[in-house]
Amino acid sequence: MNFKRTLLITGGAGFIGSHVVRLFVNKYPDYKIVNIDKLTYAGNLANLTDIERKANYEFVKGDICDSGFVQSLFAKLNFDGVIHLAAESHVDRSIANPMEFVTTNVIGTVTLLNAAKENWKTIPSNNKIFYHVSTDEVYGALGETGMFTEQTKYDPHSPYSASKASSDHFVRAYHDTYQLPTVISNCSNNYGSYHFPEKLIPLAINNIKNNKPVPVYGKGENVRDWLFVEDHACAIDLIFHKGKTGETYNIGGNNEWKNIDLINLLCKIMDKKLARPDGESAKLITFVKDRAGHDLRYAIDSSKLQNELGWQPSLQFEEGLEKTVDWYLANQTWLQNVTSGSYQKYYEEQYTKR
Ligand code: NAD
Ligand code: TYD
């Protein structure tokens, strides 16, 4: 079959990437979607079983830092577009092992940029786009008030956010220096199905279900702006197709929660779902040593995306959270598979250190 476009999605076996791959494979049967993923601890082909046999989907296992592999894939498949999500993504892991973050997030991104630059200079570049998916954490931390806009100065504090900030700078540099058609989005915290249970929401759901302590860092005063992952995937679709080359778009849920308030809400939902007496799950909340360099507050102003491209988040938080809890309770085998083995060992080490 002749496809209208061939797109490369990196990190498509991860949390957000699997939602983006699913959306594009189902919504655009005339696009060929090639997913490359190294399948680190966070990459899981079980996230994609519903679409893995579709005619317009192909998975290739590989490392974005391997320039020979990346260059040959570009030469063979002549991608018209790239949506780059592959990354090391967990702040706590970046504190324990920053080099992995420099390698994948910085060198991996530059390796992809080089391949696109080399491949696209030989063919007309109209309709081509290199879309880099980034985070609001590059902007640093807010105090009690204010929001991150696209003009906010970069001020990353963790090795994770520093590596993402660096990759964003390289993407802009390739646009300005080589006229590579690029676009960047910076999104707030996502939640939803297929989220690896080392991040706050899936970790708390899993621990509450199994009657294990729910670790809340510091006093639980830190604030995050939560967005349902499928709303993020829709924003990526919109920006990929309608965003202006060279621009940056902030994506956020306008949905700020203090960690402790969020966990209390989750405990209430879990009590209801597990038919426990009110207040039972909240007894599992355990305040633990704070994260080093813990950013106080993130809040995203996404008015540019809303006004220029007409994007709106679709779900209220309580509804999205309940949907997410239902998914985890219905997919216990997925959870057991990803929490066995090396992850379990890592988690126990981290937790006992605190
Ligand atoms: P994730 O950790 O769930 O998935 C990352 C994926 O990248 C995994 O499938 C992993 O196997 C793959 N990968 C890692 N290193 C690789 C390499 N060297 N080569 C090829 N594949 C590799 O991450 P996520 O939460 O889905 O985040 C996806 C992207 O979105 C990241 O770039 C992240 O910075 C960004 N982001 C995440 C959030 C969030 O709340 N999770 C918010 C804003 C932006
Ligand atoms: P996380 O899900 O790791 O996302 P990020 O660090 O990228 O924002 O953490 C969300 C918030 O929850 C953050 O303020 C740290 C806090 N947190 C806890 O209190 N306990 C935990 O066990 C985890 C993983 C995070």
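A polar contact is a pair of N or O atoms within 3.5 Å; within protein, one atom must be able to donate a hydrogen and the other to accept it, and residues adjacent in sequence count only if both atoms are side-chain atoms. The model is predicted, so local features need pLDDT of at least 70 and side-chain atom pairs pLDDT 80 or more, while totals for chains, interfaces and linings use all residues; side-chain values use heavy atoms, without hydrogens and water. Residues are numbered from 1 along each chain as its sequence is written, chains are lettered from A and ligands numbered from 1 in the order in which they are written.

Q: What makes tyrosine 217 a polar contact of ligand 2?
A: A polar backbone atom of tyrosine 217 is 2.9 Å from an oxygen atom of ligand 2. The limit is 3.5 Å, so the pair counts.

Q: How do you know how much of ligand 2 the protein buries?
A: Taken alone, ligand 2 exposes 510 Å², and 96% of that is buried by the protein. These accessible areas come from the Shrake-Rupley method with a 1.4 Å probe; for residues, only the protein chains shown count as cover.

Q: Which residues come nearest to ligand 1?
A: Of the 29 residues around ligand 1, the nearest are Ile16, Asp37, Ser89, Tyr160 and Lys164. An N or O atom in the side chain of lysine 164 is 2.7 Å from an oxygen atom of ligand 1, and a polar backbone atom of phenylalanine 15 is 3.0 Å from one. The protein covers 97% of the 840 Å² that ligand 1 has on its own. The elements giving two or more residues to this shell are α1, β5 (129-135), α5 and β7.

Q: What makes arginine 224 count as sitting over the ring of tyrosine 298?
A: The charged end of arginine 224 is 3.9 Å from the centre of that ring. A charge sits over a ring if NZ of Lys or CZ of Arg is within 6 Å of the ring centre and within 35 degrees of the ring normal. The charged end of lysine 117 is placed likewise over the ring of tyrosine 178, 4.5 Å from its centre.

Q: Why is the pair of tyrosine 194 and tryptophan 334 called edge-to-face?
A: The structure holds 18 aromatic pairs. In this one the centres are 6.0 Å apart and the planes 80 degrees. Rings of Phe, Tyr and Trp (its six-membered ring) pair if their centres lie within 6.5 Å; planes under 30 degrees apart count as stacked, over 60 as edge-to-face and the rest as tilted, so the angle decides the name. Tyrosine 194 lies in the loop between β7 (189-191) and α6 (200-209) and tryptophan 334 in helix α11 (residues 332-339), so the pair ties together parts 140 residues apart in sequence.

Q: Is tyrosine 194 buried or exposed?
A: Buried means under 20% relative accessible area, exposed over 50%, and partly exposed in between (1.4 Å probe, protein chains only). At 15%, tyrosine 194 counts as buried, and so does tryptophan 334 at 9%.

Q: Why is α6 called largely enclosed?
A: Eight of its 10 residues are buried, so the rest of the structure largely encloses α6. Among them are Ile201, Leu203 and Asn206.

Q: Is glutamine 179 buried or exposed?
A: Glutamine 179 has a relative accessible area of 56%, so it is exposed. Its phi is positive, about 55 degrees, although it is not a glycine.

Notes:
Helices (H or I, at least four residues) and strands (E, at least two) are DSSP runs, numbered from the N terminus. A residue is near a molecule or strand if one of its heavy atoms lies within 4 Å of it.
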